[in-house]
Amino acid sequence: MKVLLLDMTHGGQILAPLFKKEGYEVTVCDVYRIASQEMLESLKGMGAEVCVGNPPPGHYDLVSMPCHCPDVFLEGCTYDSRIWYSQAVNRFMDDRRFRIEVTGVKGKTSTCYLISHILAYAGKKVYLRSSRGSGPFTKEGLDLKELKSIAPPYLLDLPDGDYDVMVCEVSLGGSGKADIACITNLLEDYGIARKSRKAREAKKDILTSNTNIVLESEEDIWSAYGRPLRLCKKKVTIIGKPVYGEPLKVSVDYRGIHEIELKGNYLALQYLEAMDMALEVCDAMNIPAGTVLEALSSFEGVAGRGEVKYEGDVRYIVERNPGISHMSVERTLKTLQAMDCLDDALVIIDPVSKKVCDKLDRDLIEDVVKKYGAGLIVTPGDGTEPEIPEGVRTVIRMTKEGYQ
C-alpha cells in the first residue's frame with residue numbers, strides 16, 4: 001500500500017510517521033520547495049521517500065494533501081482515493097482532552113483568546129494554540145512556549161499535559177472530533193487551490209458530531225453538511241458613542257442582561273462578534289455569568305490586534321495579522337470612522353509574511369482606503385520604517401504576518 005503526501009509546509013511531516021505505522025510505503029513531496037533540509041533528512045531517516053517539487057509519476061493507493069493544494073501537483077499520478085489533510089487528522093486523532101477548535105475567515109485568533117481568557121477566569125487549566133503563538137493560558141495571559149502552524153495536522157502535535165481545555169485555532173478545516181467546533185464566519189467564500197475549490201469546502205471539515213457553533217446568519221450554509229448546529233446570535237451591544245482610547249460601554253445578553261465596560265486600550269468594537277462566539281461557547285460549557293462578565297471587563301485584547309496608543313498627539317493603531325486583507329482594512333477603518341478618527345489618517349501596510357498562504361491584493365486595499373479618504377503606504381517588507389507625513393493624526397500600521 002502506497003500513500004503520497006503533498007506539502008510539507010502544512011503538516012505532511014506530522015502525518016508521514018502515522019501512515020508509516022499503519023504499514024504504508026510513504027512518499028512525501030515538498031511541493032512548495034521550502035521545507036528545511038533537517039525536516040527532509042528526518043523523513044528519509046524514518047524510511048519515507050522524499051522529493052522536492054512535483055511527486056514521482058505513478059500509481060498510489062491513497063493521496064492526502066491540504067484542501068488548498070492545487071491538483072496540478074498530481075499531474076502524472078493516479079490514485080485509488082484521496083483525502084484532505086483534515087480528513088487524515090480525523091483518522092488519527094485520539095487526544096481525549098476536552099478540545100475547542102475554531103476556524104473561519106476572520107476573527108479566529110480573537111475568538112480563541114477570548115475563550116481562553118474567560119475559561120482561565122473560570123478556573124480551567126487552558127492550553128492555547130493560535131497564529132500568535134502557543135502555550136498555557138492563565139488570567140495573566142499567554143505563556144508563550146512555541147510558534148507552530150495552525151494547519152490541521154498540527155492538532156496531532158499538541159503538547160502533553162493535564163489541561164482541562166485545549167483551545168485550537170485552525171486555518172482551514174479541523175479534526176471533526178472536537179468537543180466544540182466553531183466557525184467564526186464565512187465573510188468571503190474565497191477561492192483556494194488556484195480557485196478550483198472554495199474555502200467552505202475546507203472549513204466544513206471542522207464540523208463534529210458533538211457541538212458546532214456557527215453564526216445564525218450562516219445556518220443555511222453549514223446545515224447542508226448534516227451536522228448538529230448551535231446558532232450564535234448577537235449578545236454584545238454598544239451603549240452610547242464609542243470614543244478612541246476610552247472604555248466602551250456595552251450591554252451583554254448572557255443569562256440575563258448586564259451592563260459592563262470594556263477596556264479602552266484596544267479597539268473593542270472589532271471584538272464584539274468574537275465576544276458573541278466566545279459567549280456561546282461559555283454557555284455550552286455552563287460557565288457562570290459572574291465569571292464571564294468579570295473576564296470580559298478585564299480583557300485587554302490580543303497583542304498587536306487592534307492595539308491602540310498615542311505617540312504625542314498622533315493616534316496609533318497596531319494590527320499584526322496573517323489575515324490582513326481588504327476586508328480587515330475596511331473593518332478597521334469603519335471602526336475608526338465610528339469614533340470620528342479618520343481625519344488626516346494614514347494606513348501603512350507591511351507585507352511581511354511567515355509561511356502565510358494568502359497574499360495581499362494591493363488594488364483591493366487601495367480601493368478601500370480611498371473609500372474612507374485615508375492615505376496609503378505599502379512598505380517593501382524589508383523592515384524599513386516609512387516617514388510619517390506632517391499633519392497625519394491617525395496612523396494605522398498593519399503587518400501581514402503569522403504562522404499558518
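Guide: Let us begin with Phe299. In this predicted model, Phe299 has a relative accessible area of 3%; buried means under 20%, so Phe299 is buried.

Visitor: Why does Tyr271 count as buried?

Guide: The relative accessibility of Tyr271 is 1%. The cut-off for buried is under 20%, and therefore Tyr271 counts as buried.

Visitor: What makes Phe19 and Tyr24 an aromatic pair that is edge-to-face?

Guide: The structure holds ten aromatic pairs. In the pair of Phe19 and Tyr24, the distance is 5.6 Å centre to centre, with 90 degrees between the planes. Ring centres must lie within 6.5 Å, and planes over 60 degrees apart count as edge-to-face; the pair is therefore edge-to-face.

Visitor: Why is the pair of Tyr271 and Phe299 called edge-to-face?

Guide: The ring centres of Tyr271 and Phe299 are 5.8 Å apart and their planes stand at 70 degrees. Since planes over 60 degrees apart count as edge-to-face, the name applies to this pair. Tyr271 lies in the loop between strand E18 (257-262) and H7, and Phe299 in the loop between helix H8 (289-298) and strand E19 (305-311), so the pair ties together parts that are 28 residues apart in sequence.

Visitor: Why is H7 described as largely enclosed by the rest of the structure?

Guide: Ten of the 13 residues of H7 are buried, so the helix is largely enclosed. Among the buried residues are Leu272, Met275, Leu279 and Cys282. Helix H7 covers residues 272-284 and reaches 19 Å from its first C-alpha to its last, close to the 18 Å expected. H7 lies across strands E6, E11, E14 and E15, running at about 145 degrees to E15.

Visitor: What makes E9 and E15 edge strands?

Guide: The open sheet of eight strands has the order E9-E8-E7-E10-E6-E11-E14-E15, with mixed pairing. Strand E9 (141-142) and strand E15 (230-232) each pair on one side only, and they are the edge strands.

Visitor: How do you know that strands E7 and E10 pair?

Guide: Two strands pair if at least two bridges are found between them; E7 (residues 126-130) and E10 (residues 165-169) have four bridges, in the parallel sense. In E10, Met166 is the bridge partner of Tyr127.

Visitor: What makes the charged end of Lys2 sit over the ring of Tyr60?

Guide: The charged end of Lys2 is 5.1 Å from the centre of the Tyr60 ring. One condition is a distance within 6 Å, and another is a position within 35 degrees of the ring normal. Lys2 is listed as sitting over the ring of Tyr60.

Key: Residues numbered from 1 in each chain as written. Predicted model: local features only at pLDDT ≥ 70, side-chain atom pairs only at ≥ 80, totals over all residues. Heavy atoms only, no water. Helix = DSSP H or I, 4+ residues; strand = E, 2+ residues; numbered from the N terminus. Expected span 1.5 Å × (residues − 1). Buried < 20%, exposed > 50% of the residue type's maximum accessible area, 1.4 Å probe, protein only. Contact = heavy atoms within 4.5 Å. Axes fitted to C-alpha atoms, helices over the stretch in contact; angles between N-to-C directions. Phe/Tyr/Trp six-rings, centres within 6.5 Å; stacked < 30°, edge-to-face > 60°.
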